[in-house]
Each structure stands twice: as structure tokens, then as C-alpha cells.
Amino acid sequence: METNFFKSILALQVAGNWKINIAKEDTDKLIVSVLFYNDTVGDDARKKVPPILLKGTVEEIDNGFFEAIAEPVQDTAKLFANMEQFLKEKEQAKVSLQMEKYNILKMGKEKSEMQKQYESAMKKAEELESAGKFKEAWMKVPPADLYPEYKDIIHSRRAELADKFPVDLFNDPNNEESC
């Protein structure tokens, strides 16, 4: 007696495992439960896939078994493949999000460091100005290209300090004795 049962299972070309239970309902009827599952899928939703239930006489089940299970099993196999793909993409998104958060934190830290350096330089320039050291104060004002958001403040601060430089008799164009 040749059944070709396992050849027919293999012909479905689905990756997964099978649990098949057969119960006798009454004298000539059977209840066949077919559970197709895949334990390699990490999503717990895979556990919620119900079995396929077939009820009928031995002849009905013999004649229609593969016809009845082929489409649901292939759909379930696709569902498992989609679950696994979803989990992989979810993990990639999580890694990407963590990298993005890290970069934002890093940029924020760098910006904070730059802010501190700017404030420190401006404070030092103010101290030197208070001490009457205008050229040194002018030198301590940070370059505008490093702090483009403070460009106008930096330019006006340097101009204010330059106006307070002492007159240099040797380079004064109004002095006729300089050469």
C-alpha cells in the first residue's frame, strides 16, 4: 500500500514543522488536526496560529487532505517568513535609532563644549578689557568662523575693542614724523 503522503508534504515546499493528530469521532468519521509551526521565528505571535481541523469520513479525508491544507499551510509559512523579516527590520531600526540618539547626544555634547569655550573666551576678553588690556582682550575674542551663530556679536565686540587700542605714534598716518 503506497500513500505518497510524505512526498505530498515535501511538495508543499514550506519550511517548518508539523504536528498531526488523528482522533476517531465515531465509527466512520475522523477529526484530523494539522498544526504547521516554525520554532525558529522569534515572534511569540507564531504560537497563536491555530491548527487546521478536518472532519470527515476516511475516504473524504484521504481524497481532500492535501487540497484542504495546501493553501493555509503556505499562507502560514509566508506569515512566519514575514514575522521573521519584521523582527530583523525592527532590530535594524532599533540599532539605527540608538546610533541616531548617540549622534544627537554627541553633537549636543560637542555643541555644549563649544558653547563653554565661547563663553570662557568672551569672559576672558571682558576681564582683560576691564584691566585696560584692549589688544589682549581683542586677541581673546574667539574667531567668528568657529562660532557662526555669534558672528555679529564677535565682529561688533572686536570693533569695540579695536576702537580702544592706544594710538601708536609710529603707525599713525596723521603724524608727519612717522616713516
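Student: What span should the 13 residues of helix α4 (residues 151-163) have at 1.5 Å a residue, and how far apart are its end C-alpha atoms?

Tutor: This is a predicted model, in which local features need pLDDT of at least 70 and side-chain atom pairs count only at pLDDT 80 or more, while totals for chains, interfaces and linings use all residues. Residues are numbered from 1 along each chain as its sequence is written, and side-chain values use heavy atoms, with hydrogens and water left out.

Helices and strands here are DSSP runs numbered from the N terminus (helices are H or I, at least four residues; strands are E, at least two). The expected span of a helix is 1.5 Å times one less than its number of residues. For the 13 residues of α4 that gives 18 Å, and the end C-alpha atoms are 18 Å apart, which agrees.

Next, which residues of α4 are buried? They are I154, R157 and L161. Buried means under 20% relative accessible area, exposed means over 50%, and partly exposed is in between (1.4 Å probe, protein chains only). Seen down the axis of α4, its buried residues fall within an arc of 65°, so they line one face of the helix. The arc is that of the directions from the helix axis to the C-beta atoms. D152 and D163, on the other side of α4, are exposed.

The buried residues of α4 pack against α2 (58-130) and α3 (134-140); contact means heavy atoms within 4.5 Å.

A salt bridge is a side-chain nitrogen of Lys or Arg within 4 Å of a carboxyl oxygen of Asp or Glu, and a search of the whole structure finds three. In one of them R157 pairs with E129, with the closest N and O atoms 2.4 Å apart. This pair links distant parts of the chain, as R157 is in helix α4 and E129 in helix α2, 28 residues apart. R157 counts as buried because its relative accessibility is 12%, and E129 counts as buried because its value is 16%.

E129 also meets the side chain of K164 in a salt bridge, again 2.4 Å from N to O. K164 lies in the segment after α4 and E129 in helix α2, so this pair ties together parts that are 35 residues apart in sequence. At 40% relative accessibility, K164 counts as partly exposed.

E160 and R157 both lie in α4, three residues apart, about one turn of the helix. E160 is partly exposed, with a relative accessible area of 41%. Taken together, E129, R157, E160 and K164 are linked in a network of salt bridges.

Now to the partner helix. α2 has 73 residues and reaches 104 Å from its first C-alpha to its last, close to the 108 Å expected at 1.5 Å a residue. A kink of about 55° in α2 is centred on G64; the bend at a residue is the angle between axes fitted to the seven residues ending there and the seven starting there. Just after α2, G132 takes a positive phi of about 80°.

A nonpolar core is a set of buried Ala, Val, Leu, Ile, Met, Phe, Trp, Tyr and Cys residues joined through side-chain atoms within 4.5 Å. The largest one has 17 residues, of which F65 and I69 touch the most other members. Elements giving two or more residues to this core are β2 (29-37), β3 (52-57) and α2. The largest share, eight residues, comes from α2. Leaving aside residues up to four places away in sequence, F65 touches F5, V32, V34, L54 and E60. I154 and L161 bring us back to α4, where both are buried.
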